[in-house]
Amino acid sequence: MRRRRRIALLVTAGVLVGLVAVGAAFWFLLVPNWRPGLEDGERYGIDVSAHRDRIDWERVAQDDIEFAYIKATEGQGWVDDRFADNWAGAARVGIDRGAYHFFTLCAPGEDQARNFLRVAPPDDTALPPAIDLELSGNCSDRPPADEVAGQVATFVDIVEEAWGRELLYYVRPDWDEQYPTRDGLDRDLWDFRFLRRPDGDPWHVWQVNIFAHVDGITGDVDLDIMRSR
């Protein structure tokens, strides 16, 4: 009986070790390196900020990356300290680039728009600017939904008037749950779906993975796919 128990324990332990190994291989090897196949009119891209440190844009371009959204600003006064280098680096190797702003709940939309435009003035060679709406990393304030909608609209109106183009909306699920934005959205959507192709949603950019590996970037980076309108 004891021998049978020992065998059963060894078998169970072996199965658990095997499952852990398979899970680790999936998470550390498959997830960072997997890219979904491109459909007609689609191309790979990334979105980056100063958290990615110094980027070798030439190597990025050689890894089939054709566009990049680059963080410019946050709130009413914060500027990403690598924006200028990333903006110039992407252009130098022929990667299409767009600037994005992280919208904070702690500052007026007008002030945030002025901050963004100081750093990312209108550029006819660039992709449309984007607004990043998410609660993760935002301030602790949670104003009423109608107030937030008004401040976002003010930001969008000012930036769109300056750029002469409609903004791209990046809307994370946590934001949309508290401040419904996606339903009835009349702008292009930048959709986050981890490893799952959006099914039937009217997306223009799909953020595929936030743990991707791309040549020329140390550590993980956000992988995106853009499709033609």
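**Legends to close-up views**

**View 1. The second largest pocket.** Eleven nonpolar, one polar and two charged residues form the lining of the second largest pocket. Here Ala, Val, Leu, Ile, Met, Phe, Trp, Tyr, Cys and Pro count as nonpolar, Asp, Glu, Lys and Arg as charged, and the others, Gly among them, as polar. The model is predicted, so local features need pLDDT of at least 70 and side-chain atom pairs pLDDT 80 or more, while totals for chains, interfaces and linings use all residues. Residues are numbered from 1 along each chain as its sequence is written, and side-chain values use heavy atoms, without hydrogens and water. The second largest pocket holds about 230 Å³ of space. Ala149, Val152, Tyr169, Pro180 and Thr181 are the closest to its centre among its 14 lining residues. Helix α5 supplies the largest share of this lining, with seven residues. A pocket is an open set of points on a 1 Å grid over the protein atoms alone where a 1.4 Å probe fits, with protein on both sides within 12 Å along at least five of seven lines; lining residues have an atom within 4 Å of a point. Volume is the space filled by probe spheres set on the points, which are joined across faces, edges and corners.

**View 2. Helix α5 and its cover.** Helix α5 spans residues 145–163 and has 19 residues. Helices (H or I, at least four residues) and strands (E, at least two) are DSSP runs numbered from the N terminus. Val148, Val152, Phe155, Val156, Ile158, Val159, Glu160 and Trp163 are the buried residues of α5, where buried means under 20% relative accessible area with a 1.4 Å probe, protein chains only. Elements that cover these buried residues include β4 (96–102), α4 (109–119), β5 (130–133), β6 (168–171) and α6 (173–178).

**View 3. Tyr169 in strand β6.** Tyr169 lies in β6. Tyr169 counts as buried because its relative accessibility is 9%. Beyond four places in sequence, Tyr169 touches Ile131, Leu133, Val152, Val156, Thr181, Leu185, Arg187, Asp188, Leu189 and Trp190, a contact being heavy atoms within 4.5 Å. His204 is 35 residues from Tyr169 in sequence, and their C-alpha atoms are 9.6 Å apart.

**View 4. Strand β1 and its partners.** All seven residues of β1 (residues 42–48) are buried. On one side these are Glu42, Tyr44, Ile46 and Val48; on the other, Arg43, Gly45 and Asp47. β1 runs antiparallel to β9 (residues 221–227), with six bridges between them; Arg43 has Met226 of β9 as its bridge partner. With β2 (residues 67–74), β1 pairs in the parallel sense over four bridges, and Val48 stands opposite Ile70. Pairing requires at least two DSSP bridges between strands.

**View 5. The largest pocket.** The volume of the largest pocket is about 470 Å³. Its lining has 22 residues, of which Ser49, Tyr100, Asp132, Glu134 and Asp222 are the closest to its centre. At least two lining residues come from each of β1, β2, β4, β8 (203–212) and β9. β8 contributes the most, three residues. Eight of the lining residues are nonpolar, five polar and nine charged.

**View 6. The whole chain.** The chain has six helices and nine strands. Of its 229 residues, 45% are buried. Of the contacts between residues at least 6 apart in sequence, 65% join residues at least 24 apart.

Conventions: Buried < 20%, exposed > 50% of the residue type's maximum accessible area, 1.4 Å probe, protein only. Expected span 1.5 Å × (residues − 1).
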